[in-house]
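Me: I would like to learn how to read a model like this one. Can we go feature by feature?

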Amino acid sequence: MTLTIMLQGTGSDVGKSVLVAGLCRALVRRGMRVRPFKPQNMSNNAAVTDDGGEIGRAQALQAIACKTPASVHMNPVLLKPQSDVGAQIIVQGKMKGAANTTYYCKNKHELLAKVVESFEILKKEADIIVVEGAGSPAEVNLRDHDIANMGFALATQTPVILIGDIDRGGVIASIVGTHTLLSDEDRHLIKGYIINKFRGDMSLFDDALNTITNHTGWKNIGILPFIESARKLPAEDAVILDHAEKNNQKNILIAVPMLSRIANFDDMDPLISEPDVEVRFIPPGEIIPANADLVILPGTKATRADLTFFRKQGWDIDLASHIRRGGTVLGICGGYQMLGNSVCDPEGIEGTPGDEAGLGYLNVRTVMNAEKKSHRQRRTANFLSVKHSVTKSTLAKPRGRIPNAPSFRATPKNWARQPKTIKLPVFTCTVYSRMILSG
């Protein structure tokens with residue numbers, strides 16, 4: 001018999017994904033066959049499985065924690081937002097078209113059947129499945145059509161542990177409030193709660209635990225400390241970009257405009273990990289810094305719409321000025337398409353059918369096709385010149401060897417003699433931190 005447990009949260013970004021990954025690795029170390037599972041995910045950060053399907057990046061990370069290849073059955077329904085009211089829907093790794101609220105309501109039973117099917121497939125190869133919910137089960141306005149939280153838990157009779165984030169404040173109210181809003185049938189599935197991201201003396205929270213238990217009847221499973229290093233794991237929600245910190249002490253500045261439907265923004269993680277590099281995400285309404293060494297146009301789930309958005313922010317003017325000053329530009333996926341002459345969507349894959357003029361920096365014309373092919377790739381990274389004042393730290397601390405790439409050895413004698421240009425490796429693959437999942 002396969003054991004199952006589900007972690008649901010009092011809201012988004014409470015730490016569910018990291019806790020599932022950590023729990024998966026802990027159980028693997030105890031000799032168990034473990035699989036992660038998320039019934040439905042909403043994210044434009046997608047990973048490609050060995051068979052060419054797409055799942056959420058968080059589930060790919062959790063598969064690494066389980067020491068098993070990622071499978072489309074770990075995240076059978078993936079919604080990739082294209083607008084405020086619509087999303088591309090991926091079912092068991094393959095695109096099924098665009099979805100809006102009406103589509104979702106009409107097809108709930110079909111989608112839930114696919115979710116349960118994938119869940120049963122994973123159960124055949126695991127001793128335990130650790131399930132991650134989405135958002136909060138207390139969003140009762142969505143309960144009738146829910147397949148991500150209590151809708152799934154009830155259909156499969158999976159026990160639930162509720163996660164509350166004390167770091168953002170209001171954790172007592174969020175847990176008690178969730179209890180108040182849930183139906184008796186849903187409440188019965190919750191076996192306890194965890195307080196996550198605690199800082200300081202945990203004994204100070206003893207009275208609060210009594211208050212929560214008295215109001216809910218739920219048992220406290222534990223209090224988990226805030227772990228600063230968890231920030232280095234790839235984020236799934238773009239909301240984290242709103243809290244990115246500026247650091248004017250670093251030597252290389254890379255500017256990344258925050259497109260309205262930015263996708264796979266954790267492609268920037270390898271650059272963020274460099275000690276001398278500041279990757280600054282530029283929010284709407286702000287100019288692209290004139291002192292940026294490199295501007296990266298990231299991926300997007302709605303290329304034509306984000307071309308309009310890009311121009312509306314005045315970033316097309318900023319980019320033109322950057323290029324006139326001799327600055328360097330890199331486009332990734334949708335960002336690469338935006339740099340071309342035109343983007344054509346005759347079938348309305350990303351919205352209303354039509355064409356959009358590109359930024360005109362590349363002699364490229366993009367035509368979107370209904371059939372999408374995804375493959376896992378391994379490539380050698382090219383090197384990109386970035387004008388920059390050479391320092392000891394940027395030259396003396398290479399981050400691994402790249403096959404067939406030009407090499408440079410810095411010594412105390414030649415630092416000052418080198419031209420004022422460094423070679424910065426640019427990667428478009430995802431690199432997951434092994435800091436927490438080692439061993």
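Me: Are H1 and H2 roughly parallel or roughly antiparallel to each other?

Reply: Bear in mind that this model is predicted. Helix H1 (residues 16–29) and helix H2 (residues 57–65) pack at about 20°, their axes 8 Å apart. H1 and H2 are therefore roughly parallel. Their crossing is right-handed.

Me: Which residues in H1 and H2 meet?

Reply: Contact means heavy atoms within 4.5 Å. From H1 come Ser-17, Val-20, Ala-21, Cys-24, Arg-25 and Val-28; from H2, Ala-58, Gln-62, Ile-64 and Ala-65. By type, the residues of this contact are seven nonpolar, two polar and one charged.

Me: How many residues has the largest nonpolar core, and which have the most contacts inside it?

Reply: A core joins buried nonpolar residues through side-chain atoms. The largest one has 38 residues, and Phe-37, Ile-175, Tyr-193, Ile-195 and Phe-205 have the most contacts inside it. Helix H4 (residues 108–123) gives this core its largest share, five residues. Beyond four places in sequence, the contacts of Phe-37 include Val-115, Phe-119, Leu-122 and Phe-152. There is also a second, separate core of 34 residues, with Ala-255, Leu-294, Ile-332 and Val-343 among them.

Me: Where is Lys-197, and is Lys-197 buried or exposed?

Reply: Lys-197 sits in strand E11 (residues 190–198). Buried means under 20% relative accessible area. Lys-197 has 17%, so it counts as buried. Check its backbone too: phi is near 65°, a positive value in a residue other than glycine.

Me: What is phi of Gln-157?

Reply: Phi of Gln-157 is near 55°, also positive in a non-glycine residue. Gln-157 is in the loop between helix H5 (150–156) and strand E10 (160–165).

How values were computed
Residues are numbered from 1 along each chain as its sequence is written. This is a predicted model: local features need pLDDT of at least 70, side-chain atom pairs count only at pLDDT 80 or more; totals for chains, interfaces and linings use all residues. Side-chain values use heavy atoms; hydrogens and water are left out. Axes are lines fitted to C-alpha atoms, for helices over the stretch in contact, and angles run from 0 to 180 degrees between N-to-C directions. Helices (H or I, at least four residues) and strands (E, at least two) are DSSP runs, numbered from the N terminus. Angles under 35 degrees count as roughly parallel, over 145 as roughly antiparallel, 65 to 115 as roughly perpendicular and the rest as oblique. A crossing is left-handed if the near helix is turned anticlockwise from the far one by less than a right angle, and right-handed if clockwise. Ala, Val, Leu, Ile, Met, Phe, Trp, Tyr, Cys and Pro count as nonpolar, Asp, Glu, Lys and Arg as charged, and the others, Gly among them, as polar. A nonpolar core is a set of buried Ala, Val, Leu, Ile, Met, Phe, Trp, Tyr and Cys residues joined through side-chain atoms within 4.5 Å. Buried means under 20% relative accessible area, exposed over 50%, partly exposed in between (1.4 Å probe, protein chains only).
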